[in-house]
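Student: I would like to learn how to read a structure, step by step. Could we go through one together?

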Amino acid sequence: MTAEVNRQERRRRVWGSTLLRALVLVATFLALTAFSIALAKVTLTPSPASEDLVRSNLRPGRSLRQYAEDYTFLAACKQAGGNLLLGVPFGILLPILVPRRLRMLRMVLLTVTVMVVIELVQGALVPGRAFDIDDAILNTSGALLGYLLVGRRISHRYHVLSEGTTRAEAAPEPKPERKLAPKSGTKSQTKSKMTSKPKPKPKPSAKSKATPVSKAKSKVKPKSKSRSRAATGSSPSGLVASGRALFGRLLTRDR
C-alpha cells in the first residue's frame with residue numbers, strides 16, 4: 001500500500017511541475033510576442049517630420065553627448081530612458097527560454113542581435129529614422145539591468161524546477177521491499193555442523209601398550225624379591241629353623 005501511495009504522489013508531483021513549466025513557457029512566449037509587436041510599432045513607425053533632422057550614428061557615445069548638450073533634462077531622460085525600457089523585457093523573458101548554462105551571455109548576444117537588426121531596418125527602410133549605435137547600446141544595457149534585477153531569479157527558479165522534473169521522470173520507480181529468505185546452503189551447512197560428531201581418537205596399538213607395561217614389570221621385579229626374602233625371614237617357620245640352628249651350634253661347642 002505504501003509503495004502504491006508513493007507512486008501516485010510521485011506522478012502527481014511530476015504532472016504538476018510539468019503543467020507549471022508549460023504555463024510559464026506559454027506566458028513567456030505571449031509576453032515576448034506582445035513586446036515584439038509594441039517594439040515594432042515604436043521603432044518601425046515612419047516619422048516624416050524628422051527626416052531632415054535624423055542622421056545615422058556609427059560612433060558610440062555621440063548621440064548621448066547630443067542628448068546632454070542639445071536636449072533638455074526631461075527630453076534627454078525620455079529619450080535615453082525609453083531606449084533602456086525597451087531592452088528590459090529581453091532581460092526578463094529571454095533567460096527563461098535559453099538554456100541555463102551561460103544564460104546571461106546568451107541573453108546579451110540575442111538582445112544585441114535583435115536591436116542591431118532593428119536599427120538596420122530603421123535606417124534602410126523606415127523614413128524619418130536612422131541607424132544609431134547608441135540606441136542598441138542603451139537597449140542592451142536595459143536588458144542587462146532587467147536580468148540582474150528580476151530575470152536572474154525568475155529564470156533560476158524555472159530551470160531548477162525543470163531539472164527536478166526531468167530527474168524525477170528519469171528516476172526509476174521504487175520497488176517494494178522483499179524479505180530475503182535464508183539460503184538453503186546455509187541451512188545445510190548449519191545442520192551438518194550440528195549433526196556432525198567429533199571424530200574418535202585413534203586407539204594405541206598393542207605394541208605401544210606393551211612397551212610401558214613391560215618396563216613397569218621390569219622395575220617392579222627386584223622389589224618383589226626383596227619383599228619375598230623379608231617375608232620368609234619374618235615368617236614363624238623361618239624363626240623356628242633359625243632357633244634350631246643356634247641350638248645345634250651350642251651343643252657342638254659343649255662337647
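**Reading the helices**

Tutor: Starting at the N terminus, the elements of the protein chain follow the order α-α-α-α-α-α-α-α. This is a predicted model, in which local features need pLDDT of at least 70 and side-chain atom pairs count only at pLDDT 80 or more, while totals for chains, interfaces and linings use all residues. Residues are numbered from 1 along each chain as its sequence is written, and side-chain values use heavy atoms, with hydrogens and water left out.

Student: How many helices and strands are there in the protein chain?

Tutor: Helices (H or I, at least four residues) and strands (E, at least two) are DSSP runs, numbered from the N terminus. The protein chain has eight helices and zero strands.

Student: How are two packed helices described?

Tutor: Two packed helices are described by the angle between their axes and by the distance between those axes. The axes are lines fitted to C-alpha atoms, for helices over the stretch in contact, and the angles run from 0 to 180 degrees between N-to-C directions. Here helix 1 (residues 2-43) packs with helix 3 (residues 73-97) at an angle of about 150 degrees, and their axes are 10 Å apart.

Student: Which word describes how helix 1 and helix 3 lie to each other?

Tutor: Angles under 35 degrees count as roughly parallel, over 145 as roughly antiparallel, 65 to 115 as roughly perpendicular and the rest as oblique. Helix 1 and helix 3 are therefore roughly antiparallel to each other. For helix 3 and helix 4 (residues 103-125), the axes come within 10 Å and cross at roughly 140 degrees, which makes helix 3 oblique to helix 4.

Student: Is the crossing of helix 1 and helix 3 left-handed or right-handed?

Tutor: A crossing is left-handed if the near helix is turned anticlockwise from the far one by less than a right angle, and right-handed if clockwise. Helix 1 passes helix 3 in a left-handed crossing, whereas helix 3 passes helix 4 in a right-handed crossing.

Student: Where does Leu102 lie, and is Leu102 buried or exposed?

Tutor: Buried means under 20% relative accessible area, exposed over 50%, and partly exposed in between (1.4 Å probe, protein chains only). Leu102 lies in the loop between helix 3 and helix 4, and Leu102 counts as exposed because its relative accessibility is 53%. Although Leu102 is not a glycine, this residue has a positive phi of about 55 degrees.

Student: What share of the 255 residues in the protein chain is buried?

Tutor: Buried residues make up 20% of the 255 residues. Among them is Met115, in helix 4, with a relative accessible area of 2%. Ala143, in helix 5, is buried as well, at 0% relative accessibility.

Student: How far apart in space are Ala143 and Leu86?

Tutor: A pair can be described by its separation in sequence and by its distance in space. Ala143 and Leu86 are 57 residues apart in sequence and 8.0 Å apart in space, C-alpha to C-alpha. For Met115 and Ile137, the sequence separation is 22 residues and the C-alpha distance is 8.7 Å. Thr18, found in helix 1, is partly exposed at 28%, and its C-alpha atom is separated by 7.8 Å from that of Ser162, 144 residues apart along the chain.

Student: Which residues form a nonpolar patch on the surface?

Tutor: Leu145, Leu149, Val150 and Ile154 form this patch, with about 330 Å² of accessible area together. Ile154 lies in helix 5 (residues 133-170) and counts as partly exposed, at 37% relative accessibility. Like charges are joined within 9 Å, and nonpolar side chains (Val, Leu, Ile, Met, Phe, Trp, Tyr) within 5 Å. Accessible areas come from the Shrake-Rupley method with a 1.4 Å probe, and for residues, only the protein chains shown count as cover.

Definitions and conventions
Patches are made of residues with over 30% relative accessible area and no salt bridge: like charges are joined within 9 Å, nonpolar side chains (Val, Leu, Ile, Met, Phe, Trp, Tyr) within 5 Å. A salt bridge is a side-chain nitrogen of Lys or Arg within 4 Å of a carboxyl oxygen of Asp or Glu.
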